[in-house]
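Dear colleague,

Here is the structure I said I would pass on. My notes on the ligand site follow below.

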Amino acid sequence: MILPDDPKYAVKKVHVYVREIVDNELGFKQVSLSCPAKTKVYLFVSNEKMIVGCLVAESIKQAFRVLSEPGAVPSSGQDALQHHRAWRCSTEPEPAICGISRIWVFGPKRRKGIARHMVDTVRSTFMYGCYLSTNEIAFSDPTPDGKLFATKYCQTPNFLVYNFIYNN
Ligand code: ACO
């Protein structure tokens, strides 16, 4: 875990890493993290000493619940179209504490529980002395992979999101 108050070289290195590897894969074009002072970065280091997972968490105050599409059948995880469907969320904000700004796992290491392990770690370390519930964490504008993961992790398709682009 890299905290904002850690030595500058570590913070700088990790932010460059996030920008060059993670943002590149997620297709983010922004130059830097929105507010590095409020950001905690978690890296998952493999036994081979490679960084194979990265999660960027930030403090947030509110988030919005993804709405189930009327008549939608729960995705089996196999239906590509279902993955890429547009999604809607509630206009009613709910209080939330921790925003997952980015989550990424190295391709060959996916589906081994690394993302789950990183989110479990965030929940127990983000706020001192608290284990955050899945109703206190939210995902920033999730990708199709992110949506599948969040649905499974939170055990509901109605998980919390924030930072999405508003499109009437
Ligand atoms: N398809 C279907 N179900 C999935 C998928 C998927 N692609 N990914 C995760 N799940 C579900 C599964 O039920 C899985 O359990 P199972 O393997 O026992 O069935 C459960 O979530 C837990 O998955 P993990 O193994 O912990 O997830 P993983 O380590 O593979 O990482 C992640 C998931 C981070 C989404 C990865 O696929 C990834 O890096 N994708 C590319 C980057 C990306 O899109 N990141 C999300 C952006 S959204 C955001 O940053 C807020």
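The ligand has 22 residues around it, and those that come nearest are I103, V105, R111, G113 and T143. Please keep in mind that this is a predicted model.

At I103, a polar backbone atom is 2.7 Å from a nitrogen atom of the ligand. On its own the ligand has 960 Å² of accessible area, and the protein covers 84% of that.

As for where the shell comes from, two or more residues each are given by strand 6 (98–105), helix 3 (114–125) and helix 4 (144–154). Strand 6 supplies the largest share, with six residues. By residue class, the shell around the ligand holds ten nonpolar, seven charged and five polar residues.

One more residue of strand 6 that I looked at is S101. Is S101 buried or exposed? Its relative accessibility is 9%, and the cut-off for buried is under 20%, so S101 counts as buried. Leaving aside residues up to four places away in sequence, S101 touches F28, V56, E58, S140 and Y162.

That is what I have on the site for now.

Regards

Notes: Residues numbered from 1 in each chain as written. Predicted model: local features only at pLDDT ≥ 70, side-chain atom pairs only at ≥ 80, totals over all residues. Heavy atoms only, no water. Near = heavy atom within 4 Å. Polar contact = N/O pair within 3.5 Å; in protein donor to acceptor, adjacent residues only side chain to side chain. Areas by Shrake-Rupley, 256 points an atom, 1.4 Å probe, with all protein chains shown as cover. Helix = DSSP H or I, 4+ residues; strand = E, 2+ residues; numbered from the N terminus. Nonpolar A, V, L, I, M, F, W, Y, C, P; charged D, E, K, R; others polar. Buried < 20%, exposed > 50% of the residue type's maximum accessible area, 1.4 Å probe, protein only. Contact = heavy atoms within 4.5 Å.
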